[in-house]
Amino acid sequence: DNVSWLRSCQSEAIERAALCSMRMGDVDTSILILDDFEKSLNHNEQLNPNLAGMLGASLLLKTSREGENDESCTRALQLLQCAADSSVSPIYNWVHHIVTKQVDFNPFDSFTSIYAAFAEANNSPFDDPDLINLDDKVRLHSIIHEYEAFCPFGYVLPLQKDAMAREWANKVDIDDLAWVLKDRAGYGSHGNIIATTTEVLSMYDSSKSANEQEESKLCQRIVHPPMLLNGRKFSLRVYVVYFPGGDALTSRGKQTQSAEVYVSTEGLVKFASELYNDKTNNDIESQYMTNSGRGDGRSSKQEDFHYLKSQFDASNKDYNELWRRIRTSIGLVMNRYILKQHFIDGEIRASYDVSYFGLPKIMGFDFMLDDETNPWLLEVNRFPGLDPRSASDSRVKRCVQYDAWLAATERLGFSAEHMKKIRPLDYEGFSLEKL
């Protein structure tokens, strides 16, 4: 009926508002939003299980910071029990299990489609708010631009438009396709523009004062000449699992843990949909863009890293050296992030210990190789698509998610026996390498 529909819309709006607060690291405002909504309900109504889980977990985070409060803890456990009974998210089942320290540690037994649930859980409101500094392309560039060995040259526009004009206006390749303009928060290469130097400079004509009010974009040098496979450009999606450092609820109680970063040897090779440098094809983006999130995401060709290694072996290229360079670059980025995360933007700062529940965070680091097989980091995805888009990527994504939650279980000192029940049938072994 109309009343139920309206309440459902209200719940969705409240969830989004609370999520925005959590993304800003403000757990207190999130609790206030959820609390006020619960008080507005009729006496015969209850919070839906997803909101109950979010409020229960948020209350536990607050008590972890301010000290134990019996009333608040009891309420939090009741709310988490409601969410766990409904199996709305593996996060709330996980949190309920680690808080209650159940002898039979089996948080995922009630889920019929656990990998779809894992994929959704990676968009958790309880990940590290400071990760925006990696996800935002402009902020990421400001952190790592000095790493010239793997970070493509670039400018933040319009802020650096005059510097770009001085340095590139007289270059001989001014009319070659040399740049990709990226929205700072774009996903799946949506909003990206391939352009020549002339085109970029005309977009940011210094006489147009309105440019100063424009949203910043990253103007990144195209990796050229690129390595091709079967005549096509390709990029590599490398999965990284991150555990923030700080206090965590372990099987032995609250303990302080160091940050940990793992790189998965399982990953994806994403191909452009059209042959590279095809003069008869005017669809430039289809020759340059490789992200499977473009279009419906199901027509893009993808392979796994087994395929990539076979291609390297067939052409006598050193796959192990490539992997060493990728690991090194990811390690440098994550070390820089961990060291600088609380000093980059004062508005984004966690008001709670993001490590408290020991949740794994899966990120996607996207690389492109030049014709000498050097890897160049294009961007970092805080919320990589983990739902399978095709048969070619389903095995990889399931294995990465399985390994991430297996590592989380062992990191907190709980038995991993329950993980055997959900191990993928095509699982090839633990893929995470610790940096």
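Analyst: One term to start with: a residue counts as buried when its relative accessible area is under 20%. This is a predicted model. With that cut-off, tyrosine 242 is buried, because its relative accessible area is 1%.

User: And tyrosine 337, buried or exposed?
Analyst: Tyrosine 337 is buried, with a relative accessible area of 0%.

User: How many aromatic pairs are there?
Analyst: The count comes to 24 aromatic pairs. Tyrosine 242 and tyrosine 337 make one that is edge-to-face, because their ring centres are 6.0 Å apart and the planes stand at 80 degrees.

User: Where do tyrosine 242 and tyrosine 337 lie?
Analyst: Tyrosine 242 belongs to strand E5 (residues 234–243) and tyrosine 337 to helix H13, so their pair ties together parts 95 residues apart in sequence. Phenylalanine 243 and tyrosine 262 form another edge-to-face pair, with 6.2 Å from centre to centre and 85 degrees between the planes. Phenylalanine 243 is in strand E5 and tyrosine 262 is in strand E8 (residues 260–271), so this pair ties together parts that are 19 residues apart in sequence. Phenylalanine 243 and tyrosine 262 are both buried.

User: Which residues do ring pairs link into a cluster?
Analyst: The cluster consists of Trp94, Phe105, Phe108, Tyr115, Phe118, Trp405 and Phe414.

User: Changing topic. Which residues touch the most other members in the largest nonpolar core?
Analyst: Trp94, Phe126 and Phe357 do, in a core of 64 residues. Helix H14 (residues 391–411) gives the most to this core, nine residues.

User: What is phenylalanine 357 in contact with?
Analyst: Leaving aside neighbours within four places in sequence, phenylalanine 357 contacts Ala57, Leu60, Leu61, Trp94, Val95, Ile98, Phe126 and Leu412. There is also a second, separate core of 37 residues, with Leu229, Val240, Ile326 and Leu377 among them.

User: OK, sheets. What's the order in the open sheet of four strands?
Analyst: The order is E1-E4-E2-E3, and the pairing is antiparallel.

User: Which strands stand at the edges?
Analyst: Strand E1 (154–157) and strand E3 (193–196) do; each has a single partner strand, so one side of each is left without a neighbour in the sheet. From one strand to the next, the twist averages 30 degrees.

User: How many bridges join E2 and E3?
Analyst: Strand E2 (residues 177–183) pairs with E3 over four bridges, in the antiparallel sense. For leucine 181, the bridge partner in E3 is isoleucine 193.

User: What packs on the sheet?
Analyst: Helix H9 (residues 161–168) does, touching E1, E2 and strand E4 (217–221). The direction of H9 makes about 140 degrees with that of E1.

User: Which charged end sits over the ring of tryptophan 179?
Analyst: That of arginine 221, at 5.0 Å from the ring centre. Lysine 301 lies over the face of phenylalanine 271, 5.8 Å from the centre of the ring.

User: Last one. Where is lysine 340 found?
Analyst: Lysine 340 is in helix H13 (residues 319–340). Its relative accessible area is 33%, so lysine 340 is partly exposed. Lysine 340 and isoleucine 143 are 197 residues apart along the chain, and their C-alpha atoms are separated by 8.5 Å.

Notes: Residues numbered from 1 in each chain as written. Predicted model: local features only at pLDDT ≥ 70, side-chain atom pairs only at ≥ 80, totals over all residues. Heavy atoms only, no water. Core = buried A, V, L, I, M, F, W, Y, C linked by side-chain atoms within 4.5 Å. Buried < 20%, exposed > 50% of the residue type's maximum accessible area, 1.4 Å probe, protein only. Helix = DSSP H or I, 4+ residues; strand = E, 2+ residues; numbered from the N terminus. Contact = heavy atoms within 4.5 Å. Pairing = 2+ DSSP bridges. Axes fitted to C-alpha atoms, helices over the stretch in contact; angles between N-to-C directions. Phe/Tyr/Trp six-rings, centres within 6.5 Å; stacked < 30°, edge-to-face > 60°. Lys NZ or Arg CZ within 6 Å of the ring centre and 35° of its normal.
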